[in-house]
There are 4 protein chains.
Amino acid sequence: MSFHPSSSTARDGDLAQLVGLRHKHFIINLQAGTKLETHRGILLHDELIGKPWGTQVFSHTGAPFFLLQPSLADLLSNITRTTQILYPKDIGFILVSMGVGPGQKVMEAGTGSGSMTTALAYAVGDEGRVVSYEVKPDVQNLALKNLTRYGLASRVDLKLRDIQEGFDETDADSFFLDVPNPWDFVQNVRAALKPGGFLCCLIPTINQVEKTLYALRYNKYAFIDVCEILLRHYKPEPARIRPVDRMVAHTGYLVFARRIEPNEDPRGKALSEEIGVTNEVEAT
Amino acid sequence: MSFHPSSSTARDGDLAQLVGLRHKHFIINLQAGTKLETHRGILLHDELIGKPWGTQVFSHTGAPFFLLQPSLADLLSNITRTTQILYPKDIGFILVSMGVGPGQKVMEAGTGSGSMTTALAYAVGDEGRVVSYEVKPDVQNLALKNLTRYGLASRVDLKLRDIQEGFDETDADSFFLDVPNPWDFVQNVRAALKPGGFLCCLIPTINQVEKTLYALRYNKYAFIDVCEILLRHYKPEPARIRPVDRMVAHTGYLVFARRIEPNEDPRGKALSEEIGVTNEVEAT
Amino acid sequence: MSFHPSSSTARDGDLAQLVGLRHKHFIINLQAGTKLETHRGILLHDELIGKPWGTQVFSHTGAPFFLLQPSLADLLSNITRTTQILYPKDIGFILVSMGVGPGQKVMEAGTGSGSMTTALAYAVGDEGRVVSYEVKPDVQNLALKNLTRYGLASRVDLKLRDIQEGFDETDADSFFLDVPNPWDFVQNVRAALKPGGFLCCLIPTINQVEKTLYALRYNKYAFIDVCEILLRHYKPEPARIRPVDRMVAHTGYLVFARRIEPNEDPRGKALSEEIGVTNEVEAT
Amino acid sequence: MSFHPSSSTARDGDLAQLVGLRHKHFIINLQAGTKLETHRGILLHDELIGKPWGTQVFSHTGAPFFLLQPSLADLLSNITRTTQILYPKDIGFILVSMGVGPGQKVMEAGTGSGSMTTALAYAVGDEGRVVSYEVKPDVQNLALKNLTRYGLASRVDLKLRDIQEGFDETDADSFFLDVPNPWDFVQNVRAALKPGGFLCCLIPTINQVEKTLYALRYNKYAFIDVCEILLRHYKPEPARIRPVDRMVAHTGYLVFARRIEPNEDPRGKALSEEIGVTNEVEAT
C-alpha cells in the first residue's frame, strides 16, 4: 500500500477515517475482503470501497458513520501513543519554519510514538526521506506500527540507537530534536545537518530551554529563535460566538536554530555577531 | 528553473537567500552569469554557485552576507506584497489541518500577492497542482512574479475571474478562501470541492465569522471549527529568558469546514446533527 | 461584626480561612463560643481566637488546618454561587480601570451571587457605598448571605427590581452592569451615573458585545474600550518551570465606557469625534 | 489637599484630568487662582471649578478639552517615570490576590517612580498606611512628587535605605517586592510581614523567577503561585469587531507567596508538604 491522497471515492488501498457518534474515530487502510469491527457493529471494506468520500455508511447493526479521508491532523490525533502528544499548531509551524517539503531529507530523534515522523513523512512525499532515531525498541516498534497503518513506512528509516554515539547521516536539510536533554546532542546534530540546515527542538520547561541556548551558542548555531504557540478554539455558534471555556496552556517551547559556518574573515565579524554566532561563550 | 530544495552547496538554478547586516534579506534564483546589486555592493552569482550553504560571502565592496537556503517561512516573509501578510503560524496550521501534501489538488481564491499560493505550491510538490483565482489583473500579475521568482509557477494555474461566476474545477482536495465576503462563495466552493473536501477561510473580524458560519450551515458543511493562533517570541538570551515586549495580537480567525453529503436515511440523523449538518437553518 | 482586616493574631469577629488537606477551604466569622464542624472533625472558635495567623491548628480528631486571613481573591473563590464565577483577573482590572476605591459610591446590576458586590464593598471601605440591583429574590437572598458571612453587608444596599424600571440613584461614580442584554439598560445606567462616571459590562459572547457597542454610541458614551484578559499559571517548581497544562480560555469580554456630556460648541467637534462621541449613529 | 474621589462637579482641591486632541492628557490638582498652561493654550482653574465632570472646556485659544475625574488607571498612566511602567492588568490582580483594601498596612520596595505606591495608597484609603523603601534619593524624590501631585502623599511613608539592612516594620499585611534580585531580600521581607501575610514579586525574566522560587522555599513561604497576565484590546467598532493588531506580550511574571509558620507537630506534616512548606531544600 502506498499513500495516494487524492480521489473523490474511496479506493482499495486508501486511508479512510470513519467518524461515528460521540466523535468516535477510526483510521483504516481500505483492503478488499477485510472488515472493521467496532463496538457499534461491523463494516465490510468491500462496502466502503467505491463510496464517495463525505457520505454516511452504516454498520451491520445500522450504526451510522461518516466516511472521510483523514487530514494530517486527523492522522496525528489517531496515533497510538505512549509518549506525549504533538499538536498540529506546533507541527505546522515547525514544518513551515524549517521549510520541510517534497523531496527533502529530514531527520529526527527520538522517534517516540511517531507523531512527528508521520508529519515529516507526509510532508516530504515519495521523493523525500525521513531518518528517525530511537533508543527504546518497544517505542520504535509502536512508531513502525503507526507509520505502517498510515502507509508512510516506506518513506522512513527507523534506527535504533543511543544518539550519544552520533548519527550515520550527513547533509540533512533539517533536524527535529525531541529529547529531554537536547543540549547533550546539538554537537552531533550539527554534524548530521548540512551547512545552513535547520534544527528545531520542542522543549517542555524553561530550564531546559536555558541549557539548550547555551549549547547552541557554544556549537556555533545562529538565527536562534525561541517561541511558543497558543491555539484558542471558538464555539462555532453564529448567534453566540465566544471562545471555548478552556484551552491547552502549554505544549512546549520551540527553539529554532541554523547550522552556520563561522568565519575568520574580519569583515564578517559584525554580521556574525548580529545573527548570534559568537566566539565567546557565556559561562553556564 | 525548477524547485529542488536539497543540496549542501549552492547550485545553478537554486533559490538562495542572502542575509546581510541589519537583517537585510534577499531571495534570488542563482543563475550563472548574472549578478545581485545591493546598496552594499555587487555579488556575482558565479561566485556564489558552488559555495557551501551557511557560509559568509562578500560583495565587491567587502560587505558580508550569509548564503542560505530559504525556508518556506523565508519565502513568505520576502514576498513582494500589496495585500496583507499571511503568517507562518496560520499557514502551518492550515496545511496540517487540511492535510495539504505532495500530489494533492488544492484551490484558492483570491490569489492576492501569492503568499498562500506559494505555501500551497511548496507543499503539494511537483506531482500536485494549485489552482488560484483572482479578480484583479495587477494583483494576479504580482503573484505570478513572486511564484516565478521562487521557481513555483509551474505548479500553479492562475485564473483571472470574478468567482461569483463559479469555478472550472471539481474534486479539489481542499480550498483556501481568503476574501472579505466568504459567505457569498461557500456554495460555489462546495461545487469545486470533492465530497469530504476541506475548506478554510481566514477572516479578520468576528462579524464576518458570524455571517460565514450561517452560510456554512445553510450549505451543509460540517465539522466546522473556528479558532485563532497566537505566536509569542522570546529573547534567546540564556541568562535573561523572557518574552519579547510586543507581539502580533491578531492576524485573523480561521474557520474550517468539510463538504459533507447530507443523508435522508433516518438512522443517520443523530450523527448528522452531532457533526453540525442540520436541515433547519437559523434565521440570520 | 464589621470588617477589620489588619491584625497579627486571630480576633473575635475576624474573618478567618481554614485550609485543610486537599485544598479544602473554609471561610468563617470567628465568634467566641461557636464551632466549625468539618468532615475532618470539629474546631472550636475559642481555640482559634488568639492564635497567630499563618499557624497550624488541629481539629478534635487531629486533622491539620492552616489558620489564615482570607484575601479578597479567597473571599471570591469561596462565595456560594448559583451563577457564573467572576475571576480575580477581571475584577482587579475592573476596579483599577474604574478607579473604585475607598469612599466611593458604586452601583451594580444584577447582584447575582454577590461576587462583584463583595469586591466592590471590599474596595470602597466603610466610608463608601455599594447599591446593587437584582430581579430574582432567591438570588438576592444568596448574595445577602454571602455578604453577611463576609462582614460586608453593612456597606451594601441590595435592591429587588426589574431594572427596566430604572434606578433610584444618581451621581454614581461607576456602574458594573452584568446582565445578558446590557444594550437594553445603558440608557438607564447613564441616568444613574454622574457626568464622567464609568460603566463596565462583562459580556460572554461577541454578538452581545456588538449590540452593546451600538447602544453605547447611541447613548453618547465615550472612551469606549473592549478587551479581554488571559491568566496563565506556571508550575512553581524552580527546577522545572513551565506553564500548567490547561488554562481558562475565556471568562468574558470587558467593555468600558464613560458618560460624557455632548457639546454643541463647534470648537469641540473634532475632540468629540476622536473620543468616540458621535451625533450620527450607524444603523444596526 | 486630600483625596476625595466622589463629586459630580469639579471642586477646589479635586484631582482633574484634562483630555485634549490626540489623546493629550493632563492630571492636575484644581486650586483656585492657578492656571494650566498647555501647548494649546491656557486654562484657568477658576473656570474649571464648578463645572460638571464629563463636559468640554476650552482654553483661551479655543482648544477643546474634556474635564474628567481620573481613575486609578489614569493616575498610573500619567505618572512621571524613569523606571519601567506597571500595568493596570498586573496591579489589579495583585491588589485582589493580596486583598489590599481600606485600612491595611502594606509595604513596598523599591519605590521606583511610585506607580505601585500610588495604587497601594489609593486602595488602602485614609485609614490605611503604605511604607515604601527606595535606595536612590532622586528616584524617591520623583515618587514623592507624583504622590503629592495625586494627593496621596499623606498615606505613605517613603524611606531611603538599602533594604539589605532590613526593614523597621513588622506585621505588614502584604509586601510588594519589585527589585531585580528578590531572592536576596525574601528573608528580610518575612520579618516585616505578619504571620500569614502576602508577598508579591513582579519579575521580568524566568531566570529570576527560578532563583526567587528557591529562596521562597528556603525561607518557609507557602501557597506559592507563579503566573502572568495578558491583556488584549479590541477595536470598538460594532460592525468590524476584531482585536487590535499588536499587544504587549510581556510585562513580568507575578510570584505570590504567604508567610507561614512551620510546625514541628507530626500531624501537620502532610498538610505542610501539600501547600509547599518543606524542611528539605533542593540544591540550587
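This is a predicted model: local features need pLDDT of at least 70, side-chain atom pairs count only at pLDDT 80 or more; totals for chains, interfaces and linings use all residues.
Residues are numbered from 1 along each chain as its sequence is written, and chains are lettered from A and ligands numbered from 1 in the order in which they are written.

Helix 5 of chain B runs over residues 137–149; helices (H or I, at least four residues) and strands (E, at least two) are DSSP runs, numbered from the N terminus. Its 13 residues reach 18 Å from first C-alpha to last, close to the expected 18 Å, that expectation being 1.5 Å times one less than the number of residues. After the helix comes B:G151, with a positive phi near 70°.

Over in chain A, the domain assignment (automatic or from a database) gives domain 1 (15–70) and domain 2 (73–274). Their C-alpha centres sit 33 Å apart. Six residues of domain 1 of chain A are in contact with six of domain 2 of chain A, contact being C-beta atoms, placed from the backbone, within 7 Å. On the domain 1 side, the elements giving two or more residues are strand 1 (15–19) and strand 2 (25–29) of chain A, and strand 2 gives the most, with three. That side divides into three nonpolar, three polar and no charged residues (Ala, Val, Leu, Ile, Met, Phe, Trp, Tyr, Cys and Pro count as nonpolar, Asp, Glu, Lys and Arg as charged, and the others, Gly among them, as polar).

In chain D, strand 3 (residues 35–38) and strand 4 (residues 41–44) pair in the antiparallel sense over four bridges, pairing being a matter of at least two DSSP bridges. A hairpin of two residues joins these strands of chain D, and D:T38 has D:G41 as its bridge partner in strand 4.

Finally, a rotation of 180° with 0.0 Å of shift along its axis puts chain C onto chain D, RMSD 0.0 Å, by least squares on the C-alpha atoms of residues with pLDDT of at least 70 in both copies. The two copies are therefore related as by a two-fold rotation axis. The same surface serves both, as 100% of the contact residues of chain C recur in chain D. Of the residues of chain C, C:G92 comes closest to the rotation axis, its C-alpha at 1.9 Å.

Conventions: Two residues are in contact if their C-beta atoms, placed from the backbone, lie within 7 Å.
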